[in-house]
Amino acid sequence: MKLSFASDRPQTFAADSVVLFVNHFDRLTDPRLRELDKATGGAVTNLSESGEFTAKEGEVTTFFRPEGYRTDRVIAVGLGEKKKIDADSYRRAAGVVSRHRSLTQYKSTVFHIGPVEDALVYQAVIEGYLLGSYKLLEFKSGETRKSQNRLVNILFAIDNKRLLKRLQNAVQKGRVSAEGQLRVRRLASIPANVLTPAGFAQEARKLAANHQSLTCRVLDGRDIAREKMGALLAVAKGSDQSPRFVILEHKGSRAGQKPVVLVGKGITFDSGGLSLKQAAMMPEMKGDMTGAAVVMAAVGAAAELKLPLNVVGLIPLAENMPSSKATRPSDIVISRKGLTVEIFNTDAEGRLILADALDYANEFDPQVVIDIATLTGGALYVLGYSGAPIMGNNARLMDRIRAASEATAERVWEMPIWDDFRNAMKSDIADLINSGGKPASTMTAAAFLENFVGDWPWAHIDIAYVDLEPKGRPYIPKGNTGIGLRLLLQLLSDWKKL
Ligand code: BES
Ligand code: MG
Ligand code: ZN
């Protein structure tokens with residue numbers, strides 16, 4: 001994809017198409033539409049009077065060969081009611097046009113955004129386009145493996161020439177964040193017979209090889225045993241696939257600066273172990289490494305954007321399987337920290353691997369630690385598919401995450417960690433039990449993790465279910481959403497000392 005920039009009126013571009021992003025209208029006040037109306041013998045007026053096109057959200061219409069335009073087609077896409085329009089309206093509109101034949105059948109287009117100066121809008125438009133047009137093709141064969149999308153050149157028409165540099169940067173940032181999010185979607189969609197813990201670690205090594213500022217270290221089963229990560233080992237035991245622990249570092253600042261540490265849950269397949277899951281939802285559990293993929297892609301994007309801070313990604317990887325070698329419900333294990341855990345339910349495995357990873361974070365003297373995980377099915381009953389519950393121990397860090405959430409339209413909402421939830425995680429015979437049962441399971445899981453948190457600000461993001469889109473939305477096709485990447489990248493790119 002080649003991205004370029006110019007500032008001119010829609011009439012002047014010779015690309016295969018020009019896309020106008022327009023507000024919902026009753027009367028033709030947008031000068032671009034008035035000129036288009038004249039150039040089409042009143043087609044815009046006719047369409048709006050008949051109610052066929054008034055630029056409501058999601059509406060798209062194509063005008064062929066307007067008089068005096070150098071392009072063959074002008075595509076108008078609706079943003080909805082002016083009062084309600086924000087950057088995500090543009091992301092959604094770009095998502096809708098991203099699959100439109102008038103775009104995908106030809107090589108070049110122009111995105112004509114109008115007199116908008118907000119950099120987040122320009123970032124959102126390229127994100128919406130790249131995210132909306134995503135399709136996983138690598139598991140198809142023959143002709144169906146080839147992309148049907150021919151578009152390779154997008155030119156951004158920028159109204160105010162003086163803003164060129166700033167808006168160029170915004171588009172570049174949007175491209176990197178969207179590509180990061182697509183990396184997450186891809187990894188999460190690859191089935192577990194292909195993407196094993198070792199395979200995932202290999203992907204991290206490949207990523208690191210492509211960036212100067214990145215280093216990647218991988219602990220194998222023996223290293224993990226030497227580290228005494230008993231909780232991670234307990235989860236991996238039932239599988240023939242041996243676990244891995246990936247340490248992916250972006251060194252963007254001086255060596256002494258304390259890093260931001262990101263921790264991602266990397267269960268390449270969650271069968272539930274001996275506490276076996278039901279068959280119907282099990283296929284989705286190939287995506288139980290989405291947190292890990294978000295962390296890997298976020299560190300990669302931080303490197304690509306040359307962010308001036310140190311970031312460490314910690315990624316525990318294992319496959320949760322039943323077998324005669326598997327951990328039994330009731331087994332007691334010793335975590336890296338030394339706390340003993342009664343494994344009451346082998347399906348509550350995510351918190352076990354995160355426990356050892358959170359403890360390992362102490363090795364990096366972090367300024368803050370954020371973990372992200374498809375941790376609890378109960379998250380569906382907290383915020384549905386609409387947002388991710390967040391929990392933590394520091395109000396300022398929560399404010400930062402909220403601000404990043406608002407800027408990126410990846411929604412989060414804070415839930416509490418109460419003593420009731422902490423008490424639910426106490427075992428009669430060990431220090432902790434790994435399952436507090438169904439009630440408030442999202443929050444009791446966080447209460448469990450809290451035991452492994454050091455003397456630093458910490459936040460936990462539960463992306464169970466919001467990582468999966470059941471139907472398809474403007475820029476989120478059915479399947480893994482890649483949620484969390486835009487949020488974390490925004491947080492990192494705005495980072496200042498807490
Ligand atoms: N990976 C699952 C959580 C999950 C479920 C993610 C559905 C996405 C969709 C996690 O390992 C799990 O099984 N959690 C259990 C914990 C329970 C046994 C305390 C759950 O939430 O049911
Ligand atoms: Mg599980
Ligand atoms: Zn899981």
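**View 1. Thr374 and the nitrogen side of ligand 1.** In this predicted model, a nitrogen atom of ligand 1 has a backbone N or O atom of Thr374 at 3.4 Å. Note that the backbone of Thr374 is what supplies the atom here.

**View 2. Lys277 and Asp347 at oxygen atoms of ligand 1.** What sits by the ligand's oxygen atoms? Start with Lys277: an N or O atom in its side chain is 2.8 Å from an oxygen atom of ligand 1. Then look at Asp347, where a polar side-chain atom lies 2.8 Å from an oxygen atom of the ligand.

**View 3. Domain 1 and domain 2.** Where the two domains touch, domain 1 puts in 13 residues and domain 2 puts in twelve.

**View 4. Area buried between the domains.** How much area do domain 1 and domain 2 bury between them? It comes to about 980 Å², with 63% of that on carbon and sulfur atoms. On the domain 1 side, keep an eye on Arg91, Leu130 and Leu131: these lose the most area to domain 2, and together they make up 50% of what that side buries.

**View 5. The salt bridge and the polar contacts.** Zoom in on Arg486 and Glu127, whose side chains meet in a salt bridge at 3.7 Å, N to O. Across the interface of domain 1 and domain 2, the rule finds one salt bridge. The tally of residue pairs in polar contact between the two domains is four, counting pairs with both residues at pLDDT 80 or more.

**View 6. Helices on the domain 1 side.** Which helices each supply at least two residues of the side of domain 1 that touches domain 2? They're H3 (87-98) and H5 (119-132). H5 gives the largest share, seven residues. Sorted by type, the residues of this side of domain 1 are four nonpolar, four polar and five charged.

Terms used: Residues numbered from 1 in each chain as written. Chains lettered and ligands numbered in written order. Predicted model: local features only at pLDDT ≥ 70, side-chain atom pairs only at ≥ 80, totals over all residues. Heavy atoms only, no water. Contact = heavy atoms within 4.5 Å. Buried area = accessible area lost by both parts, 1.4 Å probe. Salt bridge = Lys/Arg side-chain N within 4 Å of Asp/Glu carboxyl O. Polar contact = N/O pair within 3.5 Å; in protein donor to acceptor, adjacent residues only side chain to side chain. Helix = DSSP H or I, 4+ residues; strand = E, 2+ residues; numbered from the N terminus. Nonpolar A, V, L, I, M, F, W, Y, C, P; charged D, E, K, R; others polar.
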